[in-house]
Amino acid sequence: MPDKKILLILGHPDGDSFCGALADAYQSAANDAGHELRRIDLGKLNFDPILYKGYKEIQELEPDLVKAQEDIIWSDHLVFVYPTWWATIPALLKGFIDRVFLPGFAFKYHENDPWWDKLLAGRSARLITTMDAPLIYFRLAYFSPGTNAMKRATLKFSGIKPVGVTAFGQVKDSDESKRAKWIGKIADLGRRGV
């Protein structure tokens, strides 16, 4: 498999979290395998995550968000690492999506029909998420709302596909052995650039 240009986005506000350890493992393995990798830690960015006027009036992008858009355009594979909180994505990641995946950048509606152009086509993605709930409960009781929002309503809406999902449940009850196994699984994904 040829080397990939990977953009790794840590969506947990705390880089010292288990999500941060998963991102570190992915990054290290991808670099060792020869992939080009850029990383964005959302907790270190300087931006207002609130989209005050929706899309009727686009706010000027802060320099960190301009750079994030440049990195997305540069990449051919995006990796999002984040916790699942309240069955969905953290507010900081949602604010990042709202501010960065804009009309004219991620998609463009047609004027005379209900369809749209998917402006980020040609890229793939991986979602790596953690949660305290059992995975089966998240899927059967809640129907995976956060995963669906990211995979279908954001990334695929923008033309990014395929979108792989790697989820770890019951993290709060996990021991060091289980976490080491999960980190190994993420390192394998990083080596393969998927």
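A residue counts as buried under 20% relative accessible area, as exposed over 50%, and as partly exposed in between. By that rule Arg39, with a relative accessible area of 24%, is partly exposed. The model discussed here is predicted, and every value below is computed from its atoms.

## Overall architecture

The chain contains six helices and seven strands, and from the N terminus on these elements follow the order β-α-β-α-β-α-β-β-β-α-α-β-α. Its C-alpha trace spans about 55 × 40 × 30 Å along the principal axes. For 194 residues a compact globule would have a radius of gyration near 16 Å, and the chain, with 17 Å, agrees with that expectation.

Of the 194 residues, 48% count as buried. The accessible surface of the chain comes to about 10100 Å², and 53% of this area belongs to carbon and sulfur atoms. Among contacts with a separation of 6 or more, 77% are made by residues 24 or more positions apart.

Helix α2 covers residues 63-74, and its 12 residues, at 1.5 Å a residue, should span 16 Å; the end C-alpha atoms are 16 Å apart, which agrees. The buried residues in this helix are Leu65, Ala68, Gln69, Asp71, Ile72 and Trp74. An α-helix has 3.6 residues a turn, so residues three or four places apart point the same way. Which elements do the buried residues of α2 pack against? They pack against strands β1 (5-10), β2 (36-41) and β3 (77-83), and against helix α3 (91-100).

## Salt bridges

| Pair | N to O distance |
|---|---|
| Asp24 and Arg39 | 2.7 Å |
| Asp41 and Arg39 | 2.7 Å |
| Asp173 and Lys172 | 3.5 Å |

In the pair formed by Asp24 and Arg39, the side chains meet in a salt bridge. Asp24 lies in helix α1 (residues 18-32) and Arg39 in strand β2, so this pair ties together parts that are 15 residues apart in sequence. In the pair formed by Asp173 and Lys172, both residues are exposed.

## Helix α6

Helix α6 covers residues 176-192 and includes Gly184 as well as Leu189. Is Leu189 buried or exposed? At 5% relative accessibility, Leu189 counts as buried, while Gly184, at 36%, counts as partly exposed. Apart from its neighbours within four places in sequence, Leu189 is in contact with Tyr26, Arg126, Thr166 and Val194. Two separations place these residues relative to other parts of the chain: the C-alpha atoms of Leu189 and Pro13, which are 176 residues apart along the chain, are separated by 23 Å, and Gly184 and Ala87, 97 residues apart in sequence, are 25 Å apart from C-alpha to C-alpha.

## A nonpolar surface patch

Ile136, Tyr137, Leu140 and Tyr142 make a nonpolar surface patch of about 460 Å². One of its members, Ile136, lies in helix α4 (residues 135-142) and counts as exposed, at 54% relative accessibility.

## Backbone geometry to check

Most residues other than glycine have a negative phi, and most peptide bonds are trans. Against that background, where does a cis peptide bond occur? A cis peptide bond joins Lys161 and Pro162, with omega about 0 degrees, and Pro162 is located in the loop between α5 (145-156) and β7 (163-168).

Positive phi values are found at Trp86, where phi is about 50 degrees although the residue is not a glycine, and at Ser144, likewise not a glycine, where phi is about 55 degrees. Trp86 lies in the loop between β3 and α3 and counts as exposed, at 87% relative accessibility. Ser144, in contrast, is in the loop between α4 and α5, and at 12% relative accessibility Ser144 counts as buried.

Note on methods. Residues numbered from 1 in each chain as written. Predicted model: local features only at pLDDT ≥ 70, side-chain atom pairs only at ≥ 80, totals over all residues. Heavy atoms only, no water. Helix = DSSP H or I, 4+ residues; strand = E, 2+ residues; numbered from the N terminus. Buried < 20%, exposed > 50% of the residue type's maximum accessible area, 1.4 Å probe, protein only. Patch = residues over 30% accessible without salt bridge, like charges linked within 9 Å, V, L, I, M, F, W, Y side chains within 5 Å. Areas by Shrake-Rupley, 256 points an atom, 1.4 Å probe, with all protein chains shown as cover. Salt bridge = Lys/Arg side-chain N within 4 Å of Asp/Glu carboxyl O. Expected span 1.5 Å × (residues − 1). Contact = heavy atoms within 4.5 Å. Rg over C-alpha atoms; globule rule 2.2 N^0.38 Å.
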